[in-house]
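Me: I am new to reading protein models, and I would like to go through one slowly. Could we take a few features in turn, with the general idea before each case?

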Amino acid sequence: MNPTGSHSQTNAKLNVVAIIPARFGSTRLHGKALLEIAGKPMIVWVAERVLAARNIDRLIVATDDERIRTSVERAGLEVAMTRSDHASGTDRLAEVAADMPEAEIIVNVQGDEPLISPLTIERAIEALREEEEAGIATAWEAIDLSSDVINPSVVKIVVSDEGRAIYFSRAAVPYPRDSVERYGTLAAALASEPELLRQFKKHTGLYVYRRDVLLDFMRWPQTDLEKSEGLEQLRALEHGVRIKAVEAAAPSIGVDNADDLERVRAIVGVGTL
């Protein structure tokens, strides 16, 4: 695996390396990484947001697709070609990280987060640096819509008072039992008591790993909880990894479907970044 591109710093001492896993196939949006947003492929938008974070030493896009490689290199960015049989983006990330013993911290930004705030990335990196007992840092943002609480595509995170991730779920957690009993359903409770929204947090598609934790994580087998929820971060929790969770500096939109893509295009089009 030979990273290529104009930003290569192979001989440099690195501390923080951001890796964006990108594949061409997508069940909902074919060729998602290369879909155009205001004249640029989505993957390039994500990379530029990451590079704007001041504590990133190096950025690599990890892919197995020549079309993505060509597009990313055309933008002057570094690419690592990986195997094509990876089951997840984290597997792709780990393949690249395994060849980088000089890296202490690996930042994983999802390739479908073109609006992620550079300040959010900075906060998560600093949180991991400051809390020695944490092996991973991630981010969350407030949920403003009742529909997002009920939507299983929106992953919820439960955070302790000390800022530690306790659980991740596609379900509405923490569950407002008393309010639901009072109104009959969760939807009715949320409509009748709008203040309930304040207890829910949306998980943002960002992970900051200590490199050794990432490599250990990929050696562990999937757990039943992970398989049930379809959330691999639960594997880390079950193995006792402390995950620090910081509030995002600004809302982001993960592009999962055509509606999400149009929302992002509209935001970029009116220059609200």
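Reply: In soluble globular proteins, nonpolar side chains tend to be buried together. Here the largest nonpolar core has 35 residues, and those touching the most other members are Val50, Ile56, Val107, Val109, Ile121, Leu206 and Val208. Apart from this core lies another, of 33 residues, among them Ala80, Ala97, Ala236 and Ile243.

Me: Which residues is Val107 in contact with, leaving aside its neighbours within four places in sequence?

Reply: The contacts of Val107 include Val16, Ile56, Leu93, Ile125 and Tyr207.

Me: How many residues of helix H1 are buried?

Reply: Eight of the 10 residues in H1, which spans residues 42-51, are buried, so the helix is largely enclosed by the rest of the structure. Among the buried ones are Trp45, Arg49 and Val50. The ring of Trp45 also has the charged end of Lys40 over it, 4.1 Å from its centre.

Me: How should I read a pair of aromatic rings?

Reply: A pair of aromatic rings is described by the distance of the centres and the angle of the planes. Phe217 and Trp220 form an edge-to-face pair, with 6.3 Å from centre to centre and 75° between the planes. Phe217 is buried, at 3% relative accessible area, whereas Trp220 is partly exposed, at 23%. Arg235 lies over the face of Phe217, 4.3 Å from the ring centre.

Me: Where is the pLDDT below 50?

Reply: Where pLDDT is low, the predicted coordinates should not be read in detail. The mean over the protein is 90, but residues 1-14 have a pLDDT below 50.

Technical notes: Residues are numbered from 1 along each chain as its sequence is written. This is a predicted model: local features need pLDDT of at least 70, side-chain atom pairs count only at pLDDT 80 or more; totals for chains, interfaces and linings use all residues. Side-chain values use heavy atoms; hydrogens and water are left out. Buried means under 20% relative accessible area, exposed over 50%, partly exposed in between (1.4 Å probe, protein chains only). Helices (H or I, at least four residues) and strands (E, at least two) are DSSP runs, numbered from the N terminus. A nonpolar core is a set of buried Ala, Val, Leu, Ile, Met, Phe, Trp, Tyr and Cys residues joined through side-chain atoms within 4.5 Å. Contact means heavy atoms within 4.5 Å. pLDDT is the predictor's confidence in each residue, from 0 to 100. Rings of Phe, Tyr and Trp (its six-membered ring) pair if their centres lie within 6.5 Å; planes under 30 degrees apart count as stacked, over 60 as edge-to-face and the rest as tilted. A charge sits over a ring if NZ of Lys or CZ of Arg is within 6 Å of the ring centre and within 35 degrees of the ring normal.
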